[in-house]
Amino acid sequence: MIGYVTLGTNDLPRAAAFYDAIATHFGVGRMMEFETFIGWGEAGGAPGIAATKPFDGEKATAGNGTMVALQVETPETVKAVYDTALAHGGSDEGAPGPRGEDGFHAAYFRDPDGNKLNVFCMVKPA
C-alpha cells in the first residue's frame with residue numbers, strides 16, 4: 001500500500017549523501033531526482049524513501065512522533081545500516097539489539113535533519 005515516504009530537508013546535498021549511503025544496504029539507488037527532491041528505491045519494488053525541500057518554501061522540521069521503519073533481513077544488516085547512518089551525519093536514538101522477546105531486532109537513529117528512522121528485522125526467538 002505504501003509507495004514511498006518523503007522526509008523534509010533544509011540541505012538537499014547533505015540529505016543526498018546520507019540517503020545515498022544507507023540506500024546501498026537495500027540494493028537501491030536514486031530513482032527520481034529533481035532540483036528540490038530526490039527519491040531512492042526501485043520502480044515496481046518495495047516502498048521507497050525521498051528527501052525534499054518543503055513545497056511551501058518554509059523550513060523543514062522533523063515530525064514529533066513520526067518515524068520511518070526500514071526492514072532488512074538480518075541483525076548484522078541492522079547494525080551495518082545503523083553504523084552507516086552514524087558515519088554519514090546521523091545521530092543515535094537507540095543502539096542495535098533485540099527489543100522484547102518476540103524476535104524484533106532494531107536500531108534507531110535520526111538523519112542530519114532530525115527525522116527519526118528505525119532499521120529492523122525479525123528473528124526467530126531461540
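At 34% relative accessibility, Asp 83 counts as partly exposed (buried is under 20% relative accessible area, exposed over 50%, partly exposed in between, with a 1.4 Å probe and protein chains only). This is a predicted model, in which local features need pLDDT of at least 70 and side-chain atom pairs count only at pLDDT 80 or more, while totals for chains, interfaces and linings use all residues. Residues are numbered from 1 along each chain as its sequence is written, and side-chain values use heavy atoms, with hydrogens and water left out.

**Salt bridges**
- Asp 83 forms a salt bridge with Lys 79, the closest N and O atoms being 2.7 Å apart (a side-chain nitrogen of Lys or Arg within 4 Å of a carboxyl oxygen of Asp or Glu).
- Both residues lie in helix α2 (residues 75–87), 4 residues apart, about one turn of the helix; helices (H or I, at least four residues) and strands (E, at least two) are DSSP runs numbered from the N terminus.
- Asp 113 and Arg 14 meet in a salt bridge at 2.7 Å, N to O.
- That pair links distant parts of the chain, 99 residues apart: the loop between β7 and β8 (116–122) holds Asp 113, and helix α1 holds Arg 14.
- Asp 113 is buried at 17% relative accessible area, whereas Arg 14 is partly exposed at 36%.
- A network of salt bridges links Asp 20, Arg 30 and Glu 33.

**Hairpin β6–β7**
- Strands β6 (residues 91–99) and β7 (residues 104–110) pair in the antiparallel sense over 6 bridges; pairing requires at least two DSSP bridges.
- The hairpin has 4 residues between its strands, and Gly 100 in the turn has a positive phi of about 75°.
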